[in-house]
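Let's take a walk through this protein together. Have the picture ready, and follow along one step at a time.

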Amino acid sequence: MAKLADAQDLKSWDSKESCGFDSHPRHSSVGCDEIAVSLMPILLPKQDFCWFCRYLAGEHPCAFVLRNDQVAAWVNVRQYERGSILIAPTAHLPTVFDLDANTLAAVYTTAARVGKAVVRAFGAAGLNIFQNNGIFAGQSIAHHHVHVVPRYTSSEPRRMFHSDDYEPVSWEEQLAIARDVRMALGDSSSNLST
Ligand SMILES: [Zn+2]
């Protein structure tokens, strides 16, 4: 399995200019496309292009915390809780039903590893790991992704997160969070490394 990029490899992403998230579209759907790839009759958010594929192709700055051939993790521009991270396969696969077993393992092993780092980095008291499939389940980007959200003693345990309730945080804030998580990953003694 591919070795994770280390902090030095990831450093180049830090040097990119403003991410321009001021122009990042709201993800509320005005329509939907019936899924073309998945075997499941799930309605996906309508999109002319995939933001996540743009991040992964280096066409738009993104505060990555790790990436390899199969999976990547980066700071969610919408910080449901401080330290919220997204995990996604590098391939454009719309829903969980489109991932093969190997990719599923890579994504969720990474989610657990990053979750452990996030808890350590921010002193969280709990952690949510969740994902959505289709617009009726709250999916806003038609590229499978897992939300890793640390929770704190001040958090409301039953709170549900809706992306439109959160404005994107600044690029500087994204980079600061990414650095904290990467440091915790480097210090981690986790046996969940991919
Ligand atoms: Zn994509």
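This is a predicted model: local features need pLDDT of at least 70, side-chain atom pairs count only at pLDDT 80 or more; totals for chains, interfaces and linings use all residues.

Ile-129 stands opposite Val-148, a residue of strand S7.

Now look for another partner of S7. Strand S5, made of residues 85-89, also runs antiparallel to S7, and here three bridges join them. Which residue of S7 is the bridge partner of Ile-87? The partner is Val-146.

Next, let your eye follow the chain onward from S7, which spans residues 146-151, towards helix H4, which spans residues 171-187. In the loop between these two elements you will find Ser-170. Is Ser-170 buried or exposed, or something in between? Ser-170 has 13 other C-beta atoms within 10 Å, so it counts as partly exposed; a residue would need 20 or more to be buried, and 12 or fewer to be exposed. Ser-170 also lets you see how folding brings parts of the chain together: Arg-78 is 92 residues away along the chain, yet the C-alpha atoms of the two are separated by 9.8 Å.

Finally, step back to take in the whole chain. The protein chain holds four helices and seven strands, and starting at the N terminus their order is α-β-β-α-β-β-β-α-β-β-α. Of its 194 residues, 35% are buried. Among contacts between residues at least 6 apart in sequence, 72% join residues at least 24 apart.

How values were computed. Residues are numbered from 1 along each chain as its sequence is written. Two residues are in contact if their C-beta atoms, placed from the backbone, lie within 7 Å. Two strands pair if DSSP finds at least two bridges between them.
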